[in-house]
Structures are given as C-alpha cells and as structure tokens.
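Please look over the model below.

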Amino acid sequence: MHFPFGKMVIIMEKKIVKNERTGEQYTYVKHPTGLDIFIWKMEDYSTTHALFGTKYGSINTKFKTKDEPDFITVPNGIAHYLEHKLFENEDCDVFSLYAKTGASANAYTSFDKTCYLFSCTDNVYDSLEILLSFVQNPYFTEETVRKEQGIIGQEIRMYDDNAGWRVFFNMLGGLYHNHPVKIDIAGTVESIAQINADLLYKCYYTFYNLNNMVLSIAGNVDEDKVLEICDKLLKNNSNPELETAFEDEPETVCKPEVVQKLEIAMPMFNIGFKAKPEKGIDAVRAEIETNFVLSLLADESSDFYKKLYDDGVINSSFSSEVFMGDGYFCSIFGGESRDPRLVRDKLIEEINRCKKEGLDEERFNIIKKSYYGALIRDLNDAEAIATVMINAGMEKLSAFDVIETVAAVTFEDVEKRLEKQFNTDNVTISIIEPIGGKEE
Amino acid sequence: MAVKYTREKLSDGIHYNSLINKRQKTNTLIIHLITELSPETASVNAIIPYVLSGSSESYPTLTALNKKLSSLYGAVIKGSVSKIGDSQTLSLMAGCINNRYTFDGEKITEEMTEMLAGCLVAPNTENGGFFEKDFLLKKQELLDDIDAEINEKRSYAFKRANLNIFKDEPAAISVKGDKSHAEKLTAKAAYEQYKKLLATAQIEVFFVGAEESESCKKIITDALASVDRNYAGDNTSAKSLLKSELCRVTESHDVAQSKMVMAFKTDYDNLVAMKLMNAVFGATPISKLFMNVREKLSLCYYCSSGYNDKKGVLYVDSGVEHTNTGKAEAEILNQLKAMCDGDFTDEEMENARKAIINSWKGVSDGARSIAEWYFNQCYSGTAYSPEEQIEKLMNTTREDIIEAARSLKLDTVYVLTGKDGAEA
C-alpha cells in the first residue's frame with residue numbers, strides 16, 4: 001500500500017459504552033483495519049476470556065465481493081473445515097503454542113459464525129498474540145486438506161447415530177425448503193469430498209477479512225496494551241464489500257412430518273413452528289419476546305406442562321427454545337414421548353386457546369424477573385461477557401441491548417408476539433422411533 | 001485480587017465461613033453437613049439433600065418453591081451429595097443476584113436465605129416422616145441413578161476400581177450407596193436420619209458475596225440455634241494403606257473399549273509438589289501420558305492422571321483396546337519411571353506449572369469454585385488461599401517432583417474389559 005505522506009496515520013474510532021442500569025461499561029474500538037474490537041475490563045478478576053471470530057458459519061455458502069460481480073455458491077461444510085485447518089500451523093499445532101502461556105484454547109463453528117478462543121489468568125498478551133497470529137495466517141496444502149477429509153467424514157458419520165442431533169436436523173429439513181440451515185454444520189460426506197485447498201483459500205480470504213470479524217476480550221486487561229498488540233499484528237486489507245445471500249425461502253413448511261428409526265428406548269421428537277426472520281435489533285426483540293411466549297406456554301410451571309406431565313404424555317426431558325439467525329426463525333419444542341403427535345396436537349390447541357383467552361400476566365412478571373436475573377448472573381463470568389459482546393458485535397449491536405430489551409418488555413409485546421410468531425399451519429414434527437416399533 | 005476469607009465458630013462443630021469479593025454480582029450460600037461414609041447410611045444420606053431442596057414447611061410443593069424462587073429474580077436452591085476422602089458431604093446451595101440489581105431494591109437475598117434456612121430446619125413432613133409422595137419420587141430417582149451408573153463406562157470402571165483400591169476403607173463406598181439399602185428406604189427412617197445428622201454432623205456454612213451480610217448470617221445462625229446439637233466430632237480421612245501384594249482385578253462387561261484404572265499410593269505430604277508432578281505426568285493435554293501413551297503410541301483413546309490428596313492416591317485412568325491393556329500398562333509405568341529418573345524437560349515442568357497457576361488463579365472468580373477451595377481447606381484443617389499455594393508452587397523444584405514421583409507405589413490395576421477380553 002502506498003502512503004503519499006510517508007507514514008500511515010492511524011485513525012481509530014473509540015467509544016466507551018456505559019449502562020446505567022447495571023453500572024457496567026466496556027470499550028468499543030473500530031480499528032483502522034476494519035476490525036470491531038470490544039474490551040470489557042473486569043477489575044479484581046483473574047480470568048481473561050478472548051474470542052476472535054468471523055461472521056462466517058455453515059449457512060454462508062452463497063456470496064459475492066466487489067471483485068466478483070456475480071454470486072457464487074460453494075459446497076457445504078467449508079466454514080467448519082477451515083476451522084479445523086487453521087488450528088494447524090506450518091510447523092506445529094496451535095495447542096502446543098498455548099502450552100507455553102498456560103492458556104486453555106478452543107474453537108467452534110456454528111450456523112452463522114466461526115470463533116477461536118482462549119481463557120487464561122497469566123500471559124494474556126502472549127496468548128492474544130498467538131490468537132491474532134494463527135487466525136490471520138492460514139497454511140494448508142492439497143495434501144493436508146485431503147488428510148482432513150477422513151477425519152471430518154468420521155465426525156459427520158458419528159452424528160448419524162446421534163438421535164438428538166438427527167431429530168433436530170430432520171425437523172429443520174422439514175421446515176425449510178431451501179435455506180442451508182437445514183444442512184449439518186460440518187456438511188455432508190459428499191459435499192466435503194468437493195473441498196480442496198483453492199476453495200478453502202477463496203473462502204478464507206473472503207470471510208476472514210477483518211471487516212467481517214470481531215475481537216472480544218473480557219477480563220483484567222489493559223486496554224492500551226490490547227490495542228498495541230492489535231496495531232502490531234492486525235493485517236491491513238481492503239474491504240471486499242462482502243455480500244451474502246440465500247435462496248428464496250417460502251413461508252410455509254417443506255414437510256409437516258419426518259420420521260426416522262434408531263436404536264433408542266423411547267420415541268424422541270422436535271416440533272418446530274416456522275416464522276418470518278427479522279434483522280438487527282428487531283431480531284433480538286423477536287427472540288426475547290418469543291422466549292417469554294415459550295415460557296408462558298409450556299415451561300415447568302405452566303398448566304400445559306403439568307397436565308401433559310401428569311397424564312404421562314411428556315416427561316422431564318420436555319423443553320423449548322428459540323432457534324434463529326440470518327434468514328431463519330423457529331420455535332422448537334422437544335423431548336421424549338410415547339405419543340409425539342399428541343404433544344403436537346395439544347400444543348396447537350394450547351396456542352389457539354391462549355390467542356383467544358390471553359396469556360397469564362402474573363406469570364409474565366415472574367418470568368421477566370427470572371430472565372433478567374440470569375442475565376445479571378452472567379456478568380460474573382468473563383466467558384459469558386465475552387460471548388455476549390461477540391454475538392452483539394457480529395450483528396453491529398451493543399452488548400447491553402439484550403439486558404435493556406428484557407427490562408423493557410411488556411406483557412402486551414408478548415401477547416402480540418404470540419399472534420405473530422406462532423402460525424399453527426406452519427408446523428413440522430420430527431420423530432425418531434425406536435427400531436422395532438413403538439415402545440409399549 | 002484476593003478474596004477476603006473469614007471463619008467463625010457458631011457452636012460446637014458449626015462454622016460460618018464468609019468469602020468477600022467486591023466484584024461478585026451474586027450472593028451464594030452453601031450449607032455442608034459432613035459425616036462418615038458407611039454402607040448402612042450412604043443411601044439415606046444421599047437422598048436427604050434432594051428431599052430438603054425440593055420443598056419446605058412454608059413452600060410445601062416444588063411448584064410453590066419454584067414460583068417463589070422465580071420471583072426472586074431466578075434464585076436457585078439445589079441439593080447435592082459428594083464424597084471427600086472417607087467422608088460424605090450433604091450440601092444445600094442457594095444463589096441469587098445482589099439486591100442492588102433488582103428493579104425496586106427488593107431484599108431478595110434475605111428472602112432466599114429464609115427459604116434456604118426453612119429447607120434445612122423446617123422440611124415438609126407428615127406422620128413423623130418426610131412428605132411421603134415427594135419422598136417416593138426422590139427415592140425412585142436415586143434408584144434410577146444407581147441403575148444408570150452402568151451407562152457411563154468410564155465412571156463405572158472408576159467406581160468398581162475404588163472397591164479394590166480402598167478395600168476395607170470407607171472411601172470404597174459409593175457416594176450414593178447401593179441398591180439393596182436404597183430399596184429399603186422409607187420416608188420415616190430418612191427423616192429420623194436427617195434429625196440425627198442435624199444434631200451430630202459437622203456443619204460448614206459458606207457465604208460468598210460482594211459484602212458481608214449481617215442479616216443473612218443472623219437468619220442462618222438463628223435457624224441453626226434452634227437445633228438440639230449432640231456433636232459427633234470433626235471428620236477426617238486416613239491415608240490409604242499400601243497393600244502387601246499388588247491387587248489385580250479384571251471384570252468383564254459389555255464394552256467396546258476396555259477401561260483400565262491404575263492406583264499408586266503414597267504417604268508423601270507435599271501436596272503442591274505432588275500436584276506439579278501429576279500435571280507433568282498426566283493431568284494436562286501436554287503431559288507425558290497424553291503426548292506419549294495417547295498421541296505418539298496411540299495406545300489409549302484417553303489416558304490421564306489425577307490425585308486424591310485426602311487418601312494419598314494417584315490414579316491413572318485410561319480407555320484402551322482390549323488387546324492393548326498390557327502394552328498400555330507397561331508404557332504408563334515407563335512414563336512414571338521417567339518422572340522418577342528426572343527424565344522431563346524444564347519446558348515440560350514450566351508448562352505444567354503455568355497450567356496449574358492458570359487454574360488456581362481462576363478459582364477466586366467463581367462463587368462456587370472459591371467456596372469449594374475453602375471447603376477443602378476446612379476439611380484438611382488448613383486455610384491456605386490460592387495465592388499462598390501458588391507461592392509454594394513457584395518454589396517447587398525439579399527435585400521435589402522427583403521425590404514425589406518416587407514415593408508412588410503401584411497398589412491396584414483394575415481392568416473392565418469386553419466379554420471376550422480375557423482371551424484377546
């Protein structure tokens with residue numbers, strides 16, 4: 001890069017983000033390389049947790065950049081494959097580098113992000129240097145890529161026997177016509193067979209661009225030292241103006257029922273209610289309000305739960321969650337039952353009843369306190385804080401948005417959300433039955 | 001930053017320990033009842049904390065209790081049982097966010113403490129026993145738990161190995177007891193045992209929070225003062241005796257992979273040196289066992305070591321192909337010999353030291369981890385802070401590690417193998 005005046009002027013945007021309610025604060029920095037940096041100083045704590053991640057997960061298979069005017073589609077499983085390969089340096093694996101600092105290190109790939117992390121109490125700056133260096137320095141050859149194919153293939157096949165995993169992906173396959181969220185994060189044995197070094201490098205340079213990444217650190221760290229290391233190690237690269245896209249996804253479900261047989265004791269089920277996805281802060285609001293709806297409808301203190309539990313239709317494994325991300329949103333109820341279809345029918349009945357008769361306002365107030373308390377508890381923990389910050393950072397939000405949204409939610413918001421997010425026509429049930437028929 | 005630790009005697013065998021760390025955003029209270037492990041009482045003791053944490057006189061059902069806890073900003077009350085050396089510990093834990101984070105400044109810590117005290121001293125009873133219906137549910141859960149021990153092969157092998165390692169010692173007894181005793185449990189007998197424990201057990205109360213809470217302390221002190229005490233004395237553990245002959249046991253079971261547990265005994269008393277030796281030898285992913293037995297020779301799917309300081313026993317726990325158990329045993333002994341011969345690099349030693357410091361320094365950050373650290377200290381009759389132990393670790397030398405390694409004598413080799421494992 002050519003600088004006409006002989007030296008580069010580092011322009012750094014820096015602000016302190018404060019939260020009145022909790023008295024907590026963190027520093028946000030937009031680094032000149034394009035990286036978003038979040039630093040939350042936890043005085044008097046010993047542990048530091050750092051995450052360096054890219055907004056690149058298994059669903060990001062279709063994209064374009066300013067150098068490529070047309071969208072291209074790549075095989076499934078590359079994000080996860082890259083995570084495996086980045087853990088190998090040219091001469092050693094990354095764990096042996098961390099051994100010298102005493103940090104414990106790991107990485108994960110989800111549907112919409114890939115994160116590399118460490119946790120330590122000493123030598124935090126040495127560990128940070130390791131983290132920033134290896135993620136920015138990919139090294140693989142056709143040979144090392146081929147070697148990985150067998151290992152990842154085994155990992156994929158291992159999950160074929162896992163009933164909890166299968167019941168979930170079978171449901172996603174029923175809910176979604178086109179969205180890649182329905183494909184296993186690691187891809188398929190067929191899709192990873194198409195992966196080679198060229199494709200990995202192409203995706204690496206597209207998604208591991210600092211403009212598409214976030215660094216999040218919580219712990220007893222010196223902000224200036226962190227930024228000094230960032231200045232030293234972050235590589236300048238031009239913004240590729242990355243755009244991702246998905247095939248059009250109809251509002252209706254693809255299949256209302258998916259059944260598979262495996263070696264288990266009692267039938268397992270996932271019931272998904274498909275809804276329209278939202279973006280940014282609206283997505284946060286949708287997730288939180290839907291969580292309230294789920295608690296009110298069917299948590300352990302609900303009448304619905306108690307009735308089905310006492311009748312032996314569900315057992316204590318019954319639970320619910322919101323599952324959402326870029327281009328997908330659904331509410332899932334899962335567990336074990338001798339009659340999963342009855343659970344679905346009862347749920348639909350309960351949802352329709354609540355739409356007509358309303359939800360329980362007293363329970364709403366209790367759930368709100370409990371939800372809020374859990375978020376406060378997380379503030380004790382460096383790992384939880386760093387995770388909240390990176391999740392917010394990837395969506396260009398503030399780390400306090402979740403806690404503030406929960407504190408502001410009203411009963412009316414939640415009743416409206418029930419109406420909006422639970423269309424009882426857009427339901428898929430996935431069932432895993434024991435081999436040899438139903439257990440009696 | 002150090003945590004401020006104080007310990008105060010409330011009455012015979014009852015202590016109130018407080019751990020103050022101004023950054024804590026939650027308040028945690030833990031009440032431990034420590035008693036001897038015996039085959040007759042292990043099961044009944046194991047069920048008591050679960051019964052107590054599910055209801056009380058004031059909140060007679062789980063639903064009522066949970067509803068109240070939810071309204072206290074998602075406070076929790078939990079029961080658990082654990083084993084420490086030759087003793088059994090029954091624990092009740094309660095936690096909530098600090099009052100200052102509530103929407104309207106509600107005094108939720110005090111309310112939660114009242115609830116916990118109620119669970120401990122005023123349980124839900126009927127006809128001179130625990131409330132029958134709830135008790136029977138907990139009993140079924142205990143029986144299911146005992147049955148399920150077989151599902152998790154690694155811990156099952158460990159449990160079976162303990163029977164041989166600690167032959168004729170209390171530490172051999174499973175923390176949940178055995179099925180034959182559990183099946184005979186009644187709500188009435190359990191209630192009698194509960195009353196006896198309240199009177200006789202060593203009781204250690206822990207409070208962890210940002211600042212002292214005199215009101216919580218008073219609630220707990222008053223509740224415990226209402227109990228008629230007949231203290232049985234402090235609990236201790238004896239170092240396990242080395243058997244005159246090596247004990248070899250192989251049991252057959254439907255497993256795809258054999259599980260091998262080797263136990264070495266020692267009367268060496270420098271705990272910190274033994275921890276460092278254990279870290280170099282087998283407790284980390286950069287240790288000798290991991291790098292050699294697992295990675296280099298691929299003899300085991302997992303192979304790691306752990307040290308029980310209360311009993312003076314170092315374990316090596318491994319998962320091995322049936323045909324490789326002999327080879328794996330030889331290689332594990334080989335690696336221990338390397339430790340005894342001082343055949344480890346300074347880098348191995350320093351990396352291990354860093355890994356331990358990393359974990360000890362982090363202890364103060366979590367309410368439960370710091371409470372557990374000091375509970376261990378109380379049991380051993382010491383009060384070392386993590387910082388003090390780190391100081392000792394910094395001064396531990398290569399010679400100390402060698403001395404620690406040389407003190408270890410192989411006592412037991414236990415193998416859980418497949419049905420055809422014996423011939424293989």
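Q: What makes domain 1 and domain 2 of chain A separate domains here?
A: The domain assignment of chain A gives domain 1 as 13–244 and domain 2 as 257–434. Such bounds come from an automatic or database domain assignment. Their centres, taken over C-alpha atoms, are 27 Å apart.

Q: What kind of model is this?
A: This is a predicted model, where local features need pLDDT of at least 70, side-chain atom pairs count only at pLDDT 80 or more, and totals for chains, interfaces and linings use all residues. Residues are numbered from 1 along each chain as its sequence is written, while chains are lettered from A and ligands numbered from 1 in the order in which they are written.

Q: How many residues does each domain of chain A bring to the contact?
A: Domain 1 of chain A brings 42 residues and domain 2 of chain A brings 33. Contact requires C-beta atoms, placed from the backbone, within 7 Å.

Q: Which element gives the most to the side of domain 1 of chain A that touches domain 2 of chain A?
A: α5(A), with nine residues. Helices (H or I, at least four residues) and strands (E, at least two) are DSSP runs, numbered from the N terminus. Chain A has 15 helices and 15 strands.

Notes
Two residues are in contact if their C-beta atoms, placed from the backbone, lie within 7 Å.
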